[in-house]
Amino acid sequence: MDNFSTIFVGSVVLLQFWQINSQCLNGCTCTTDRRGRSLLCMETTLDGIPGNIPEDFTKIRIENAHFTEIPRGSFAKLPELEHLWLNFNEVNIIHPKSWEGLGNLTELRLQGNKLRSVPWTAFEDTPRLKILDLKHNRLDALPENALKHLSSLTYLDLSFNQLTVISKDVFLNWPLYHKIEDGERVPNVVLAFHENPWLCDCRLMGFVDFVRSVSPPIILMNSYLSCSSPQLRAGKFFHEIDLKTCMKPVATTSVTNITVPAGGSVSLTCVATARPEPTVWWTYGLKIIRGFNESFTRVDEDTMKLQLAIPSVQPADRGVYTCTANNFLGNSSVSILLDVKSPGTPSLPSPVAPVDENVYIDIRIAKQTVYGITIEWHAVLQNPAETWFTIHFGEFDIAKKELIYIGPGINSYSVSDLLPATKYEICVTLKNQVPRTGQCIVFVTGNDISEMEQREKLIHIIVIVLAMVLAVPAGMYACTTDIKFNCFKRCTERLRRLRWRSSELDNSGDGESSFDSLQAASDEGLCKKSGEERKPRRRSDAKADRGSTAEVY
């Protein structure tokens, strides 16, 4: 009888052990102790949170499983769950209802994931949560209401993230902080904020004050928090810095009217005072100036001086130059009127001015994209380091074009987001001159084509070549200026299937023609009579024709 009892008890134990493990997930381990059942999945690759976890588990630990998302209601069928460890996965998305049904959860660890943000309202479903571990993630912001639903928290770890600024309102909106301020007795609360790239300017003032004044029951795991930026405070501890209230920018200048002789140089100066450091820029004719010689000098912690150097001033440079300073509180501007005094009739002409005023600009299409083009230009200048250009761009029929000022040393510009079936004109001029013949390109965008494989044909380039207007599809070169009009007549006869518009061809040399496509192999000899010998071209001829070919890639 004793032997029978022993065998019976052993069988019952084996049966219970088999039942427990038969309900465990493949590749995971399940255990039972006095605190309840536990699920341990270590280095088991999972596509996501398993949906067949038995509902009686009180602790789940899934680590190095490489899943990326915690969907809505992932643990909704586990009402007894108290401890959830999801460390060292690749989680970057948490649904606002991921913790739905976890009313008994007291510990949540998400260390070593790839979280850039957390839906803090999700913690409405975890009113008993005490431990929240988010260290070694990529969090870069903490909203003002982040702790609103964490009234039972005793441990919060946000160390080793990318936090730069935290508002003191985060703690003023924390119910637990109010209990402490009201003198209620609460358990100790441990906070960890170290190893974040803190931006120590006026925006961090409230948080710095909080860190300095914190005392039990609130305890900082590491109270020696240090600044990463700005440069003047980098490496300093919070208790070593003195931050002031933020301030809207104020831009000023000592001189609002400047008169200089033509050919001279001038430096426009603007002083901007603000907290935090503002972004400062110059505009001329309502356009941001780019590529000019700008210099920044820090006067003190809150003040910077911005200078704009304009070399070899010409009459076209006269006008209003505006300095604008901006930060998150607002902006401020100050303007300087620049007047250029033209010299009297000189006994000898200036050697520099004629070069600048009559310089030849070689402009071409350098690149064609689906919805835009890039132009390049070349000009022979006596002082290239001191000469700037103006881009005139807009629809062909609109007289007032958009102006973009390009500083010295820059010889390309890209236009994008073009509308279909629209005729545009883009010109390059020296400084602020009016466009002249040979300094413009006209192009027409084709009809919008829905098929992806046809998108490269959306834009057809039309290039102005002296008195002619030529249509150039992608992959083709425009005929040069030394061709005659009958070239196009012969092309018409050879390429009837390309549907030339005869009405436009009848309008002499100033006419405008367009076609949808040409075989790339047909450009050689396209405008050449059979048996006609190509004339040898002198170097000077080639140089003169440089601007007459539009290269479209």
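**Notebook: disulfides, sheet, cores and backbone**

I began with C24 and C30, which a disulfide joins at an S to S distance of 2.0 Å; a disulfide here is a pair of cysteine sulfur atoms within 2.5 Å. The model I am reading is predicted, with local features needing pLDDT of at least 70, side-chain atom pairs counting only at pLDDT 80 or more, and totals for chains, interfaces and linings using all residues. Residues are numbered from 1 along each chain as its sequence is written, and side-chain values use heavy atoms, with hydrogens and water left out.

**Entry 1: the disulfides**

I asked how many disulfides the structure holds. The structure holds six, and I followed up on some of them.

For C24 and C30, the torsion about the S-S bond is about 90°, so this disulfide is right-handed. I then looked up exposure, where buried means under 20% relative accessible area, exposed means over 50%, and partly exposed is in between, taken with a 1.4 Å probe on protein chains only. C24 is buried at 14%, and C30 is buried at 7%.

Next I took C202 and C246, which are joined by a disulfide with S to S 2.0 Å. The torsion about their S-S bond is about 100°, so this link is right-handed. C202 lies in the loop between β11 (198-199) and α4, and C246 in the loop between β13 (227-229) and β14 (247-252), so the pair ties together parts that are 44 residues apart in sequence. Element names follow DSSP runs numbered from the N terminus, with helices (H or I) of at least four residues and strands (E) of at least two. C202 is buried, at 9% relative accessibility, whereas C246 is partly exposed, at 22%.

C427 lies in strand β28 (residues 423-430) and C440 in strand β29 (residues 440-445), so the pair ties together parts 13 residues apart in sequence. C427 counts as buried at 3%, and C440 counts as buried at 12%.

**Entry 2: a sheet**

I wrote down the strand order of an open sheet of nine strands: β1-β2-β3-β5-β7-β8-β9-β10-β12, with mixed pairing. Two strands pair if DSSP finds at least two bridges between them. Which strands are at the edges? They are β1 (29-33) and β12, each of which pairs on one side only. The twist averages 10° from one strand to the next; axes are lines fitted to C-alpha atoms, for helices over the stretch in contact, and angles run from 0 to 180 degrees between N-to-C directions.

V190 has I219 of β12 as its bridge partner.

**Entry 3: nonpolar cores**

In soluble globular proteins, nonpolar side chains tend to be buried together. I counted as a core a set of buried Ala, Val, Leu, Ile, Met, Phe, Trp, Tyr and Cys residues joined through side-chain atoms within 4.5 Å.

The largest nonpolar core has 69 residues, and F75, W99, F171 and F207 touch the most other members. Elements that each supply at least two residues of this core include β2 (36-42), β3 (57-63), α2 (169-172), α3 (175-181) and α4 (205-213). Which element gives the largest share? It is α4, with four residues.

Apart from this core lies another, of 24 residues, among them A251, V266, L308 and V334.

I then listed the contacts of W99, meaning heavy atoms within 4.5 Å. Leaving out residues up to four places away in sequence, W99 touches I70, F75, L84, I94, L108, L110, A122, F123, D125 and T126.

**Entry 4: backbone exceptions**

Most residues other than glycine have a negative phi, and most peptide bonds are trans. I looked for departures.

The peptide bond from P216 to P217 is cis, with omega near 15°. P217 is in the loop between α4 and β12. The peptide bond from R275 to P276 is also cis, with omega near 0°, and P276 is in the loop between β16 (266-275) and β17 (279-284).

H136 has a positive phi, near 60°. H136 sits in the loop between β8 (131-133) and β9 (155-157). S312 has a positive phi too, near 50°, and is in the loop between β20 (303-310) and β21 (319-327).

Are these two residues buried or partly exposed? H136 is partly exposed at 38% relative accessibility, whereas S312 is buried at 7%.
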